[in-house]
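Have a look at the model first, then read on.

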Amino acid sequence: MDINDFQDKVLKVASELEELPNRAKHTKQSALIHLVEEVGEVARHLTDEHHRPEKFDASKVGNELADVLMFIVILADLYNVALPEEMERAIERVKKKAHDL
């Protein structure tokens, strides 16, 4: 799946969830809070890997990383950020930094 398809699917599901009872539309603040929460869940799993290996489940890391990406998409949409274009610019910046080393 490319980033445009991913972005469309995430925003469609988010829109459908917002229509459910007791659900509010994401604000910039709520999207950021959820993003930070999901990053915290990734951190918890990685901490488990090193400090509580008996609790570590590698299959959960991918799920949490996908959740992080979903909230990045939602936050980008709220700020009218064109993620595919920004990702291309970011890659070019990294390439230039690597070349300049």
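Does Asn80 count as buried or exposed? At 71% relative accessibility, Asn80 counts as exposed, where buried means under 20% relative accessible area, exposed over 50% and partly exposed in between, with a 1.4 Å probe and protein chains only.

Some ground rules before going further. This is a predicted model, so local features need pLDDT of at least 70 and side-chain atom pairs count only at pLDDT 80 or more, while totals for chains, interfaces and linings use all residues. Residues are numbered from 1 along each chain as its sequence is written, and side-chain values use heavy atoms, with hydrogens and water left out.

**Loops and backbone**

Asn80 sits in the loop between α3 and α4; helices here are DSSP runs (H or I, at least four residues), numbered from the N terminus. Its backbone has a positive phi of about 55°, even though Asn80 is not a glycine. You'll find Asn22 in the loop between α1 and α2, and Asn22 counts as exposed because its relative accessibility is 84%. For context, most residues other than glycine have a negative phi.

The loop between α2 and α3 holds Asp57. With 31% relative accessibility, Asp57 counts as partly exposed. Its C-alpha atom is 7.4 Å from that of His45, which is 12 residues away along the chain.

**How the helices pack**

Two packed helices are described by the angle between their axes and the distance between the axes. The axes are lines fitted to C-alpha atoms over the stretch in contact, and the angles, from 0 to 180 degrees, are taken between N-to-C directions. Here are the pairs:

| Helix pair | Angle | Axis distance |
|---|---|---|
| α1 and α4 | about 140° | 9 Å |
| α2 and α3 | about 160° | 9 Å |
| α1 and α3 | about 80° | 10 Å |

Let's take α2 and α3 first. Their angle of about 160° makes α2 roughly antiparallel to α3 (under 35 degrees counts as roughly parallel, over 145 as roughly antiparallel, 65 to 115 as roughly perpendicular and the rest as oblique). α2 passes α3 in a left-handed crossing, meaning that the near helix is turned anticlockwise from the far one by less than a right angle; clockwise would be right-handed. On the α2 side, the residues in contact (heavy atoms within 4.5 Å) include Leu35, Glu38 and Val42, and on the α3 side they include Glu64, Val68 and Ile72. By class, this contact has 14 nonpolar, two polar and six charged residues. The classes work like this: Ala, Val, Leu, Ile, Met, Phe, Trp, Tyr, Cys and Pro count as nonpolar, Asp, Glu, Lys and Arg as charged, and the others, Gly among them, as polar.

Gly40 also belongs to α2. With a relative accessible area of 37%, Gly40 is partly exposed. Gly40 and Asp67 are 27 residues apart in sequence, and their C-alpha atoms are 11 Å apart in space.

Next up, α1 and α3 pack at about 80°, which makes α1 roughly perpendicular to α3. Phe6, Gln7, Val10, Leu11 and Ala14 of α1 make the contact with Ala66, Leu69, Met70, Val73, Ile74 and Asp77 of α3. That contact has nine nonpolar, one polar and one charged residues.

Finally, α1 (residues 3-18) and α4 (residues 83-100) pack at about 140°, so α1 and α4 are oblique to each other. The crossing of α1 past α4 is right-handed. Ile3, Asn4 and Gln7 of α1 make the contact with Leu83, Pro84 and Met87 of α4. It has four nonpolar, two polar and no charged residues.

**The core**

In soluble globular proteins, nonpolar side chains tend to be buried together. What is the number of residues in the largest nonpolar core? It has 13, and those with the most contacts inside it are Val10, Leu35, Val73 and Ile74. A nonpolar core here is a set of buried Ala, Val, Leu, Ile, Met, Phe, Trp, Tyr and Cys residues joined through side-chain atoms within 4.5 Å. α1, α2 (28-51) and α3 (58-78) each supply at least two residues of this core, and the largest share, six residues, comes from α3.

Leaving aside residues up to four places away in sequence, Ile74 touches Val10, Leu11, Ala14, His26 and Ala31. Leu11, found in helix α1, is partly exposed, with a relative accessible area of 24%. The C-alpha atoms of Leu11 and Phe71 are separated by 9.7 Å, with the two residues 60 apart along the chain.
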